[in-house]
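These are my notebook entries from a browse through one model.

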Amino acid sequence: MDLLRTYIAVVDTGSLTRAARHVHRTQAALSMQMKRLEEQAGCSLFFKEGRNLELTNDGKRLVSYARRLLALHDEALVQLRTDAALPTLRIGSPDDYAQSLLPLLVNTIHDQYPNVQLQLICAPTTKLRNLLDGGALDLAILTRAVNSDEGHVLMLDKGIWIQHPEFDWQQYDALPVALYEADCKFHSSALDGLNKTHRPYRIKALSANAGALMALVRQGKAVTAAATASLPPDLVEVDAIHEMPALPSIDIVLVSASSGHPLVSASWAGELARALALRLESGQLECRNPGGPFDY
């Protein structure tokens with residue numbers, strides 16, 4: 001089980017370095033584990049493609065078996081424990097989802113384990129990913145990188161420009177913008193778009209805190225770029241007549257640590273993600289515009 005858990009960590013992270021942090025081993029120890037697994041399986045599981053490590057056909061076949069074996073193993077352990085005896089479950093979320101997705105995730109967990117205590121940590125995705133790798137988080141809501149299979153999809157979202165309903169567009173020669181810091185996907189997309197369209201702008205503020213950015217927007221001092229799910233009810237999406245540059249779509253995913261909390265496993269994270277996705281589809285996450293639930 002230990003070898004299979006390490007193997008799945010390599011498959012899910014796509015990196016020996018990140019997998020080693022996930023399972024709390026050195027990269028050399030992880031490589032030795034994979035060599036032992038190949039010896040036990042009697043076949044090669046990996047091959048080199050340039051600088052990347054890719055799965056062989058046998059390696060791909062093993063993935064589904066490994067996931068099923070680990071799921072059954074983890075399910076057995078969970079059934080033998082009561083939630084009253086469980087340690088605190090540490091959950092991370094980007095600040096902009098703290099008032100939308102995170103409460104739904106908390107409710108979904110407490111539906112299953114009403115007495116388990118939760119610790120909620122809000123930080124940018126890059127920091128949350130490092131906390132997961134370092135064993136300081138058990139679960140996290142993240143924005144997934146392009147072409148990545150990381151985690152379990154909760155929802156597809158898109159970036160939008162946000163303003164106060166009475167923002168005075170005529171007042172400014174250079175548009176004031178308040179943006180998330182540089183590690184946010186919308187930061188670079190917003191600035192690239194403004195530069196390519198030759199839209200005069202000035203950066204009013206940068207912050208990792210959604211509340212601080214929305215407060216500036218709420219005062220009519222700036223517009224911002226954020227995910228649709230983080231749009232507050234008293235603010236609105238910028239109208240198309242203002243010809244703001246398009247922002248990218250994103251995958252929001254639930255990611256679990258490879259080891260640590262007795263509840264947490266990839267299979268349980270998958271079940272949580274599916275339950276949360278059903279709540280989203282049923283409209284429990286209401287649109288921040290007055291129109292109603294999101295249309296995904």
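This is a predicted model: local features need pLDDT of at least 70, side-chain atom pairs count only at pLDDT 80 or more; totals for chains, interfaces and linings use all residues.

Residues are numbered from 1 along each chain as its sequence is written, and side-chain values use heavy atoms, with hydrogens and water left out.

**Entry: the chain overall**

I looked up the secondary structure and found 9 helices and 11 strands in the chain. I take both from DSSP runs numbered from the N terminus: helices are H or I with at least four residues, strands are E with at least two. The C-alpha trace spans about 70 × 50 × 30 Å along its principal axes.

For burial I use relative accessible area: buried is under 20%, exposed over 50%, and partly exposed in between, with a 1.4 Å probe and protein chains only. On that scale, 46% of the 296 residues count as buried.

I call two residues in contact when they have heavy atoms within 4.5 Å. Among contacts between residues at least 6 apart in sequence, 74% join residues at least 24 apart.

**Entry: the largest pocket**

Next I looked for pockets on a 1 Å grid over the protein atoms alone; a pocket is an open set of points where a 1.4 Å probe fits, with protein on both sides within 12 Å along at least five of seven lines, and lining residues have an atom within 4 Å of a point. Points are joined across faces, edges and corners, and a volume is the space filled by probe spheres set on them.

The largest pocket has a volume of about 690 Å³. It is lined by 31 residues, and I8, D12, R67, G151 and A266 are the closest to its centre. The elements giving two or more residues to this lining are α1 (2-13), α2 (16-22), α4 (57-79), β11 and α9. Helix α1 gives the most, with 6 residues.

**Entry: aromatic pairs**

I searched the whole structure and got 4 aromatic pairs. Rings of Phe, Tyr and Trp (its six-membered ring) pair if their centres lie within 6.5 Å; planes under 30 degrees apart count as stacked, over 60 as edge-to-face and the rest as tilted.

The rings of Y7 and F46 have centres 5.7 Å apart and planes at 65 degrees, so this pair is edge-to-face. Y7 sits in helix α1 and F46 in strand β1 (residues 46-49), 39 residues apart. Y7 is buried at 0% relative accessibility, and F46 is buried at 14%.

The Y113 and W268 rings have centres 6.1 Å apart and planes at 70 degrees, so I log this pair as edge-to-face too. Y113 is in the loop between α5 (101-112) and β4 (118-122), and W268 is in helix α9, 155 residues apart. Both Y113 and W268 are buried. I also noted one aromatic cluster formed by F167, W169 and Y172.

**Entry: A257**

Is A257 buried or exposed? It counts as buried, at 7% relative accessibility. A257 lies in the loop between β11 (249-256) and α9 (266-281). Apart from neighbours within four places in sequence, A257 is in contact with H22, L132, L137, D138 and V264.

**Entry: positive phi**

Most residues other than glycine have a negative phi, which made me check for exceptions. H198 has a phi near 55 degrees; it lies in the loop between α7 (185-196) and β8 (201-207) and is exposed at 69%. E243 has a positive phi of about 50 degrees, and E243 is exposed at 64%.
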